[in-house]
Structure formats: structure tokens, C-alpha cells
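Dear colleague,

Please find below the structure that I am handing over to you, followed by a summary of the findings concerning its ligand.

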Amino acid sequence: MSTRQHRAGKIIAVGGGKGGIGKTVVSASLAIALAEAQKEVVVIDGDLGGANLHAVFGIYLPRLTLYDFYSRKVSRLSDLVLDTPIPGVRVICGAPGTPGMANIRYWEKLKTLRHLNYLDADFVIVDLGAGMSYNEIDFFNSADIGIVVASPEPTSIHECYNFIKMALFRKLHRAFMDEPDVMDILRRSADPMHLHDRRLMSQIAEEIRGRNLRAGIRFYKLLNHTSPKLILNKLHHYQEYQDGLSLQVAVQELLRIKVEYWGYLPYSPHVPQAIRERRPDQILRSDTQLRKHVVKIVQKFLLQRPVAYHAPGARPIVPITDVQSAARAHPSVLEREERICSIHCPLWGNCHYQEGGLPCRMPLKEYETRVLGRQSSPPKNMDSMDLPENSVSNDG
Ligand SMILES: Nc1ncnc2c1ncn2[C@@H]1O[C@H](COP(=O)(O)OP(=O)(O)OP(=O)(O)O)[C@@H](O)[C@H]1O
Ligand SMILES: [Mg+2]
């Protein structure tokens, strides 16, 4: 174990359930954009059964892999870190095709999680495998930031929902292991043959609160502090981002937690080409839309730097179902309730009040000037904004 006593930088886990939706590409892209912003990044291949991160980074046969760690040839995870052709990005590779690697033992997982904290980097990105085994879920839940990736197809959205649900239930189980009352309710809810399976998380929370007030408060707190981040990948058309909205609504209504929408990445033919040619430097070709969207996500959400533009939906979308409760909490918004922020507004994508689904927060005067054109409104700066596009182009 390393002697470093201080924690590593932020640990980000990238999961999402379905295979082939772009978890590895998203992990690699975020790492490259972070490195361009002068951050040190280590990406780990957490896809233990189907490791391929090394290939994305142009490494043919890694000389050190996680197998060396689990077979105790090296004692520290940090001994496995390898350079990549991208300055600032280093990787810890998996061992593809190695028997047993997909099924590491519980203590091996705990050891890996412990060692992650001592890697010398500003950001550690864990690229998870497909599926929702406890390996994926536990790495996801123990990260500082959990990103789920989905592509805009019903199967992917559905699996992403299930991934979020599994992760939440696992978290609740672990948090309430010592509360038999709560465990009993959770167990009943997880039984697919049981009527209670269809209950909403809010009903489960209420039942727990009814039985045990202290546990109920803790339960609500945990729900309120759980917020996976969503990146939609491989969009062919801007409008497909609506699938992200439907996932958000489903998660909020059924699981009572908020998914934070971080934005979308367009489909780019350069990605498979760069991987085929083992040219990681070409994944974010400087002229692509893909690059623009990755950089936006990194700047805004990982580095908390102001961005000069708002991608459509890059601000967290608040589902339309929230309008009534928002209006109740802030009666002043009622006056403006007839103006609901949506993609149908001509200012969508160029408005710093943007909160899709909520009543418009723009003062009436400004709204009249900008939307109704009562005065000579300033022209929209097409370079600094990201208006809804008819189609997502692949070349800039
Ligand atoms: N934005 C994109 N544009 C075009 N192709 C993409 C994009 N993102 C990913 N791909 C392609 O999709 C395929 C799957 O991507 P990737 O390996 O990242 O998925 P994954 O979710 O990590 O898969 P697995 O579950 O097998 O680990 C790759 O061939 C990659 O080139
Ligand atoms: Mg992968």
C-alpha cells in the first residue's frame, strides 16, 4: 500500500448497464479533455471481464495489468499505471481473456477500492463494464461522481434506468444493514413476485418513516444525496436528447432521486476510425462537434468553470411534473406560470435563465424585448451559442 496519506483527486465512475453504448469512449474522452485542461488523469479499466481500454489508448499488449495486482506480483495499484500517447493521461489496464478476472473476490474489490484513493492524479476515471453485477455497482456507488451513459434507444434507456435502480437499492441495503425493519421492507420491495414490487420509492420511504422515524429521516437524506449524472451518447439528431428527459422523469417519479443531465455527445464516425487506427489523439478531433460537447461537460461540471454557452439541456432539466411543486414553493413564479421554459422557446440554448420544464424566470421586460421583439433586440451571436440543430453534424 502506498504511504501517501492524502486522498487522490476526484474519483469518477462511468457505467450505465448496457454494452456498447460508449462507456469506454466517454471515459477516454473526458480524460483527454481534462488533460488538455492541464489536469493529471488516471483511467482504470473496470471492465474486468471485457477489458479494452488499453486498445482505445493505442496500447497493443499492456505490460502490466490488474492481473498483476490480484496475483500479487505488484503490491500497489499505482505500480500498474502506464503512460499513453496523450500527455497527462495514464491508464491502468485490465487483463482481457484471463480466466477469473471477471469474478474477483469481495476482498479483492475492497482492496481495489481502497487503493483507488491513493493514486496520484487530479481525477481517477473508472470505466465500468456492461451489466449490473455487484462489481459494477459497488465501483459506481463508491465513486465521488457516478456518470451513467445511455444511447437514445429504448433498450439502452431501460437498462440505464435499471442500473440506477440497482445502484440505489444496493446503497440502501448497505446503509440500513443494521435496521431489520428497513431491510424487511426493502427485501419485500425487491421480490418481483410480490405486489409491493410496484411501489414507488416515495411509498417505501413513507412506510419506513411510519415505522421508524429516525430511519425514515436517514432514508430520505440518502435519497436526497443520490444524484447520478447522465451523458447521452451517439446522438444522430439533436431531438433525441428528449430520451434523456424521459429517463430523468422516470427516475424521479419511480425512484425519487434526481438524475443530473450533463449533456449529449453526437455520433462521430471519427471515433470508431480513431480506435481502429489506434490513434487516441484523434478521438476528439479538433473540428468535431464531439469535441465541443466533451469540453463543455468537462469545463462546466468537472472543473466548475463558467462556459460561455449553454448546450440545449445542459442545464439540469427539471421535469415538467415539478412545475406545480415549484410554484407552490415559490408562489411568485405563479404569475409567470404560463411561460414554461421549453425547447419551443426561440431563446432555447441562448438563455441563462434556462431551466426546461419550469416557469420562465426571465423578467417580463427582458422577455418582451428578446422574444416578442418590442424593442430592437440584440442579434443572437451564433458563435457563442448552441441552438437546436436539425441534425448533429459530425464535422465542424
Ligand atoms: N460518440 C460516438 N460516435 C461514434 N461511435 C461511437 C461513439 N461512442 C462510442 N462509439 C463506438 O461504439 C462502440 C462501443 O463503444 P465503447 O466500447 O465505448 O462502448 P462500451 O459501453 O464501453 O462497451 P462495453 O460495454 O463493451 O464496454 C465502439 O466501436 C465505438 O467506436
Ligand atoms: Mg467498455
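The coordinates are those of a predicted model. Around ligand 1 there are 17 residues, and those that come nearest are Lys23, Thr24, Val25, Lys234 and Ser268. By class, this shell comprises 8 nonpolar, 6 polar and 3 charged residues. Three elements each supply at least two residues of the shell, namely α1 (23–36), β7 (229–235) and α11 (270–276).

Polar contacts are as follows. One oxygen atom of ligand 1 lies 2.9 Å from a polar backbone atom of Gly20. An oxygen atom of the ligand is also found 2.8 Å from an N or O atom in the side chain of Lys234. At Ser268, a polar backbone atom is 2.8 Å from a nitrogen atom of ligand 1. On its own, ligand 1 has 630 Å² of accessible area, of which the protein covers 82%.

With regard to the site itself, ligand 1 takes up the space of the largest pocket. The volume of this pocket is about 370 Å³. Its lining is formed by 21 residues, and Gly20, Gly22, Val25, Lys234 and Ile275 lie nearest the centre. Two or more lining residues come from each of α1, β5 (123–128), β7 and α11. The lining divides into 10 nonpolar, 7 polar and 4 charged residues.

Yours sincerely

Methods: Residues numbered from 1 in each chain as written. Chains lettered and ligands numbered in written order. Predicted model: local features only at pLDDT ≥ 70, side-chain atom pairs only at ≥ 80, totals over all residues. Heavy atoms only, no water. Near = heavy atom within 4 Å. Polar contact = N/O pair within 3.5 Å; in protein donor to acceptor, adjacent residues only side chain to side chain. Areas by Shrake-Rupley, 256 points an atom, 1.4 Å probe, with all protein chains shown as cover. 1 Å grid on protein atoms, 1.4 Å probe; cavity = no way out; pocket = protein on both sides within 12 Å on 5 of 7 lines; lining within 4 Å. Sits in = over half its atoms within 2 Å of the grid points. Helix = DSSP H or I, 4+ residues; strand = E, 2+ residues; numbered from the N terminus. Nonpolar A, V, L, I, M, F, W, Y, C, P; charged D, E, K, R; others polar. Points joined across faces, edges and corners; volume = space filled by probe spheres on them.
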